[in-house]
Amino acid sequence: NRYQLKKGSGATLGEEIRESIKLSGDRAYLPATSLKGAIANAIAWSVFDDVAPKNGNKREHALKAAGNEGKAQFKANHLDNCLFQDGDLSFRGTSPIIRGDAKESAMKGLVIRDSGPVGMLEHRRYDIFVCKGGKITPKGRPLALEAIPPGAQITADMYVQKDQLQRVRGYSPSQKAASILCNIDDFGKALWIFGKRLAEIEEEFYTDCGMPQIAAFFTENKNKSIFPIGFGTGWNSKTVGPLLDKSEIDTAKIRFPRGYPPPISRRLALDEDGKPDLPIGWVKFWFTDIDE
């Protein structure tokens with residue numbers, strides 16, 4: 001009874017509702033870390049094919065370095081270091097080594113504040129199921145999710161510290177990434193390209209699954225400024241994975257228990273009749289009060 005809950009599908013969902021992150025007074029907001037991570041991945045898409053080869057094919061070397069990392073969760077650090085820093089690669093034998101802390105990169109120059117609270121106090125509970133092969137199937141225990149309803153607005157402040165984007169001894173941020181951050185048109189374009197390409201992937205997935213009502217969302221919005229950021233957007237929106245072909249995924253030794261290509265499933269919100277209602281985690285973005 002704490003929330004205005006959207007009526008569920010009637011399925012057994014367990015006892016917990018996964019809540020959105022909120023301020024006091026049950027006001028949802030967007031943490032700066034979540035927004036910055038999503039933006040970093042969008043910019044990574046724009047620089048992935050543009051990294052300067054100083055020791056042969058730097059992209060291939062970066063993937064090999066990721067492959068040398070034994071723990072899967074740290075493989076992305078090697079790619080981040082390659083994409084957001086400039087400089088030569090070092091080698092141990094024939095194995096490339098990417099030095100430096102991923103935090104000491106061009107993304108250090110982008111400062112983002114936590115958003116203000118959502119402009120609407122209403123929250124809804126959605127039943128979230130996995131869509132696999134055109135069928136709605138539970139993955140483990142079905143999930144109940146508290147979410148911001150369509151139409152809610154969030155505002156977050158961000159700015160660029162240009163002095164953090166200068167080369168200094170021991171610190172060489174990617175100048176390609178820096179140029180994107182320092183030009184609002186290039187910045188917006190990077191986010192737009194990222195969102196458009198992912199929307200095309202999702203449109204194709206749901207069309208092939210025989211879910212035209214979900215595919216239509218992406219058909220209608222793929223040329224608009226939409227952006228995946230929330231829970232459930234998965235591998236595609238949080239990695240440069242869709243830019244990698246099978247051989248590159250093998251080089252980075254990224255493993256998928258259910259095979260290639262990933263991902264083979266999506267999370268969907270169901271309506272009160274238990275039918276697919278909306279994809280989750282997508283927002284429309286725009287910029288205001290721009291001062292270059």
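Is Tyr-206 buried or exposed? Tyr-206 has 1% relative accessibility, so it counts as buried (buried means under 20% relative accessible area, exposed over 50% and partly exposed in between, using a 1.4 Å probe and protein chains only). Keep in mind that this is a predicted model, where local features need pLDDT of at least 70 and side-chain atom pairs count only at pLDDT 80 or more, while totals for chains, interfaces and linings use all residues. Residues are numbered from 1 along each chain as its sequence is written, and side-chain values use heavy atoms, leaving out hydrogens and water.

**Aromatic rings**

- Rings of Phe, Tyr and Trp (its six-membered ring) pair if their centres lie within 6.5 Å; planes under 30 degrees apart are stacked, over 60 edge-to-face, and the rest tilted. That rule gives nine aromatic pairs here.
- Take Trp-45 and Phe-194: their ring centres are 5.1 Å apart and their planes sit at 85°, so this pair is edge-to-face. It links distant parts of the chain, with Trp-45 in helix α1 (residues 32-47) and Phe-194 in helix α5 (residues 184-208), 149 residues apart. (Helices, H or I of at least four residues, and strands, E of at least two, are DSSP runs numbered from the N terminus.)
- Both Trp-45 and Phe-194 are buried.
- Tyr-206 and Phe-218 make a stacked pair, 6.1 Å centre to centre with 5° between the planes. Tyr-206 belongs to helix α5 and Phe-218 to helix α6 (residues 212-221), twelve residues apart.
- Phe-218 has 0% relative accessibility, so it counts as buried.
- One aromatic cluster is made up of Trp-45, Phe-187, Phe-194, Phe-227, Phe-285 and Phe-287.

**A charge over a ring**

- Arg-266 has its charged end over the ring of Phe-205, 3.9 Å from the ring's centre (this needs NZ of Lys or CZ of Arg within 6 Å of the ring centre and within 35 degrees of the ring normal).

**Strand β6 and its partners**

- In strand β6 (residues 124-132), seven of the nine residues are buried.
- β6 runs antiparallel to strand β8 (residues 143-147), joined by five bridges (strands pair if DSSP finds at least two bridges between them). Tyr-126 has Leu-145 as its bridge partner in β8.
- β6 also pairs with strand β11 (residues 265-270), antiparallel over six bridges. There, Val-130 is partnered with Arg-267.

**Around Asn-236**

- Asn-236 lies in helix α7 (residues 234-238) and, at 6% relative accessibility, counts as buried.
- Leaving aside residues up to four places away in sequence, Asn-236 touches residues including Trp-45, Phe-194 and Arg-266 (contact means heavy atoms within 4.5 Å).
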